[in-house]
Every structure is written in C-alpha cells, then in structure tokens.
Amino acid sequence: DGQEKLQLKHGSHRVGKRTDAVMAKWRGYGLGQFIHWGLYAIPGGEWNGKQYNGAAEWIRSWNGIPKSTYDSLIYKFNPVNFNAEEWAATAKQMGAKYVTITTKHHDGFCLWPSKYTNYTVANSPWKKDIMKPLIDAYDKQGIDVILYFSVMDWNHPGWRYDIKTKEDSIAFEGFKQFTRNQLLELLTLYPTAKGLWFDGTWDKSWVKQAAFADELETEMRKLRPGLIIGSRFRADENGKRHFDSNGVLMGDYEQGWERKIPNKIEDVHGNDWDCVMTVPENQWGYNKAWKGHIKTTNELLEMTAKCVSLGGNFVLNFGPQGDGAIRKEEKQLAAQIGDWMKTNNEAIYNCEYAGLEKQDWGYFTKKTGSDKLYMIVFNVPVSGALKVKLPANTSIGKSYLLAQPAQLLNTEEISGTEYFIHLKNTAAGKPFVVVLEPNAKK
Ligand code: JFZ
C-alpha cells in the first residue's frame, strides 16, 4: 500500500487469518456463551442495602466498600446450588458451540485452586475446584471452553496501575512472574481448553511489558499448540494494543467488539472476531436489580445473525447467582434462543459472510465451503417480496423456507441481477430463514 512498515520486535507475528483446523472450527461456532462468576455474585450489585451504579463485577472498586471487607467475601463462597452439568446443559440447549469462563476476574479471586495465591476456591468454605467440573461438563456436551483471565489483579500486592518508583518496579516484576505461573498452571491443569480470553490489560504498567508479554505468548503457544489467543493480551513496543504500530492485528481474533457489533464488512478488516454481549445494558456479573432495558430473544437472535453475516461469532453473557444457580430470566432466554436455533441453526453454524449487498429484511449468511445462501429475515416487507441482488453470473436456482424445505417459493426477476422472493405468508411472529440455492447463469 506504499506505506512504509515499521520494524517491530513485538508486533504481530502473522498477517491475515490463521489457516489451521482449530481456528477454522472456532470460526464456525457462530454462537457462544460467556460466564462471569466470582465473589461479586454474592453481593449482586448491592452493598449494605445500597445499589452500586456500575457493573456488578466492579463493585470492589466502589468507594463505599472497604477493600478488605470485599476480599473477605471468600469466606462466604459456598455455592450450594452450583451444578456444572446444569450450566453446560443450559448452554447446549441454547445452541452455544463454545463458552468463555472467568477463571479470575479483576478482583483476583480464582475459581481454580491456584498454587500461587491463597485467594482461591480452595480457601473458601466450598474448598473444591470449580473449573475442573465445569470444563468436564462442557467438554461432555461438545462445547469448547475458552479461559477468561484478567491480568489486572486487585488482590495481588504486586499489581500496579503504573510504575513510578523503584519499589513499584520490584513489586511488578514479582507480579509478572505470578501471572506467568498462573497462566502456565491453567494450561497444564486444563489441557482441553481451546484458548484464552484476556482482559484487564489496559493499565500503563502492563502496556509497557511488550517483550515479557510477547515471550509469554510464545511460551504458551509452544506449551499448547493450536491455542487461541485474542487481541487483548499484549501491546507492542510502542504501547499499541489490539493492532500493532503497523495496524496489523495481534493475536488470533479481534477482541474489540465488546457490547457493539460492526455494521459492514470493511469494519472487520479481514480479521476473525467475536462480539461479547450482556443481557442488560452493562452487567456481566450477577446483579439482583437488573435495571434498564433487558434484551429480548428476538433482539439477541438478530445480533447473532448480524455477527455471523459479517464473519464473526456472537457470545451471550450469563452471570450466575452467588449460590451457583442461573437466574430464571437467563434460563428462559437460553431456552427461547435454543428453540429458534433448533430449526434454524443451519444458517448460523459454519457460516460466513455471503458477499452480497445488505437488504432491509435482514441478513445473508453463506455455508462455508458451499454456495448455499441463507436469508435470516427479521423485517417482512408489507409487499411480502424480499429483494435479493446476486452477482451477475448467478441466478436463483431454488428457494424455500428452512422450516419447510419441500415447498418452493416463487421468485421473480426484477432486472439482470435483482430478484424478488415472494413469501406465501407475511404474518411472521419470529425471525425465519429462507434458503437460497443459486445457479450459475449460462
Ligand atoms: C471488561 C471488564 O472490565 C468487564 O468487567 C467485563 O469482564 C468485560 C467482558 O470486559 O470490560 C471491558 C473491556 C474492554 C472494553 C470495554 C469494557 N473495550 O475494549 O471497550
């Protein structure tokens, strides 16, 4: 492109998408589940009868709370209603193909019995590992597990937001070793996990660790070939995050799509990506009060379709309660999404960007490795006619509803490349899928 490239020591190590089978499988997931669970689920957004206005999992950062009081929530961690099989069954029912689970969020509490800190499940009344039964249960359901890990750790004495003094520097060196130990420990204890989802990597202290983080990433990849790591782990030597100083993505997929979705294919720059989404506006951990707009099943299905139509995965967050149970609202969403997925998952799994002009009725997806097209319809025009614009060398072979494959729909040529597909019934109460099998034009 005529732009001179900087020589970077700790920039991206690859241009373009990964081409291996592990990543191809990730690309085909379509729908995933996120789990935010930790000590913050116990207060659930409320402290001494007062509501915290931020995200429930951030409540420790609230000025109204003594940090040591928050940290002693460890003595209340006893999730008697925790049932790993039930969590995995809920994800399976929804149609999720992968799950990202918080092994450790910003508060530093570990859901696994780490050797490197006392602040873990092992020292709670529960005593037992949470990650092992969860990973086993999801593995059994055929749902791939990704480990969420916050580098920022509010509990560890060596963590610093910035390094200003000699003491800070010494403390943070210890913290870096601790981080490395924990990551290698996780990868060794849970060898079936497919990847790491990093968070809490924005502070000045960590952004300055380009060489350390780069070496650690290499070490983890060597330990676990095929490991999937997102773009939110490390910065390059100029402190650039996600994309290096040459604008090249660092890591295997873009992690910047947090509660937002790209609008057009140009926005994703040819990279793999996933979008992580909360059900309320911005609550990841369990919040009793669940205030404001709560997304509906139809909205979440539309987000799923939109993500897949632009080559990404959609990952819906669940925040289980302090006692380990999944709240009924989330269970209901999972069941309703799953109902839709049962009939229509062919348009979501192993699908990609179709390369067609977006139309007002909804989203196109294309089956990877085939030319079968899917039209995921959310807005039925009053005319009942869905417009499709195909490349000049193709025409519509046949089209039918995914739910009724034996009944072909009438199609009409408008111009050389534009067609109408005529629906027989315009009274859809739910999104639906039209399959479109194109023909090569002679
Ligand atoms: C982080 C966490 O702070 C939050 O608690 C939750 O775990 C979420 C998934 O990740 O929050 C972020 C991280 C990145 C952005 C915004 C919020 N971002 O890149 O815009």
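This is a predicted model: local features need pLDDT of at least 70, side-chain atom pairs count only at pLDDT 80 or more; totals for chains, interfaces and linings use all residues.
Let's start with the ligand.

Now the polar atoms. Glutamate 57 has a side-chain N or O atom 2.6 Å from an oxygen atom of the ligand. For tryptophan 58, the distance from a side-chain N or O atom to a ligand oxygen is 2.9 Å. Histidine 105 places a polar side-chain atom 2.8 Å from an oxygen atom of the ligand. How much of the ligand's accessible area does the protein cover? On its own, the ligand has 450 Å², and the protein covers 78% of that.

Next, the sheet. Six strands form an open sheet, in the order E10-E11-E12-E18-E14-E15, and the pairing is antiparallel. Strand E10, residues 351-352, and strand E15, residues 404-408, are the edges, and each pairs on one side only. Inside the sheet, look at strand E14, residues 394-401, and strand E18, residues 432-440. Seven bridges join this antiparallel pair. Take tyrosine 400: its bridge partner in E18 is valine 435.

Last, the helix. Helix H8, residues 297-309, packs on the sheet. H8 touches E10, strand E11 (362-367) and strand E12 (373-377). The directions of H8 and E11 make an angle of about 50°.

Definitions and conventions. Residues are numbered from 1 along each chain as its sequence is written. Side-chain values use heavy atoms; hydrogens and water are left out. A polar contact is a pair of N or O atoms within 3.5 Å; within protein, one must be able to donate a hydrogen and the other to accept it, and residues adjacent in sequence count only if both atoms are side-chain atoms. Accessible areas come from the Shrake-Rupley method with a 1.4 Å probe; for residues, only the protein chains shown count as cover. Two strands pair if DSSP finds at least two bridges between them. Helices (H or I, at least four residues) and strands (E, at least two) are DSSP runs, numbered from the N terminus. Contact means heavy atoms within 4.5 Å. Axes are lines fitted to C-alpha atoms, for helices over the stretch in contact, and angles run from 0 to 180 degrees between N-to-C directions.
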